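Hi everyone, thanks for coming.

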Amino acid sequence: ASETAFKGMACRTFTACAAVGYSVKRGKKKAFAVELNSESKWATQSLPEPEGANSSELHGVDCPTTTFCMAVGSYTVSGGSIWAWSATWNGTSWTLQTVSKPAGSIRTVLLDVSCSSTSACAGVGIYRDSTGLQTSLVERWNGTSWSHQASANPVGSTNTVFQGVSCVASSPCVAVGDWNNGKTWLPMAQEYNGSAWALDTTPNPEGATETIIEGVAC
C-alpha cells in the first residue's frame, strides 16, 4: 500500500482490540480492519465492500462484547456520490449492514459509532440534503438494522457535523461536533434522552476565533 491510515480503534479486553481505517493501492482507497489477538499480534481481517464502491474507508468502530463490533464509514460510487456504510464483526467474520438514508439526502457519511450493547448503537456524521445544506446525521442500530434519527441543529447554521459520539447503558448518548454560523466554526454538543436529541450549551474558549470538538467519552 502506498498509504495506510488508522481512523478508529476499540478494545473489548486488554488483548482483544479492533482497528479500522483505509489503505491506498494504485490510487484506490479501500477500507480495512485488523484485530489484536490473545498473542498480542495484529491480523488483517477480510472485509466486504459495499456494492458498486469505487473507494471506501472506515472512520470508527466500537465493540461492546467479545463477539460483536460495529464499524462505520463512507464509500464513493461512480459519479462521485458518497454514502455511509457499516459492517459488523461476530468474532469470526465481517458482514455488511445497510445504512438508511435520510429522505432527500444526496450524501451521507458516518464518522463515529458507539454501542451500549449489541442491539443499541448510535452512528453519527453528516448528510447533505437536496438543497446542498450539510446537516448533522444520526443513525440508530437496533440489533438488526439502521434507521435515521432526527437531531437538533443550531439556529442559523449553514453547516453542522457530528464528529464523535458516546453511549452507555445507564445514561443518554452524547454527540459532539461543530457548526458554522456563516462566519466561523463553533462547538456543538447534543444529548439523547431515549426519545429525542437536544442541544446542550457549549462554552467557547475566551478569545477563540474557531472551535471544533472532535471526540467524546462517557
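The torsion about the S-S bond of C167 and C173 is about 115°, so this disulfide is right-handed. Its two sulfurs sit 2.1 Å apart; a disulfide here is a pair of cysteine sulfur atoms within 2.5 Å. Keep in mind that this is a predicted model: local features need pLDDT of at least 70, side-chain atom pairs count only at pLDDT 80 or more, and totals for chains, interfaces and linings use all residues. Residues are numbered from 1 along each chain as its sequence is written, and side-chain values use heavy atoms, with hydrogens and water left out.

Both C167 and C173 are buried, where buried means under 20% relative accessible area, exposed over 50%, and partly exposed in between, using a 1.4 Å probe and protein chains only.

How many disulfides does a search of the whole structure find? Four. If you number the bonded cysteines in sequence order, the pairing goes 1-2, 3-4, 5-6, 7-8.

Another of them joins C115 to C121, again with S to S at 2.1 Å. That link is right-handed, with 105° about the S-S bond, and C115 and C121 are both buried.

Then there's C63 with C69, also S to S 2.1 Å and right-handed at 105°. C63 has a relative accessible area of 6%, so it's buried, and C69 is buried too, at 1%.

C218 counts as exposed, at 55% relative accessibility.
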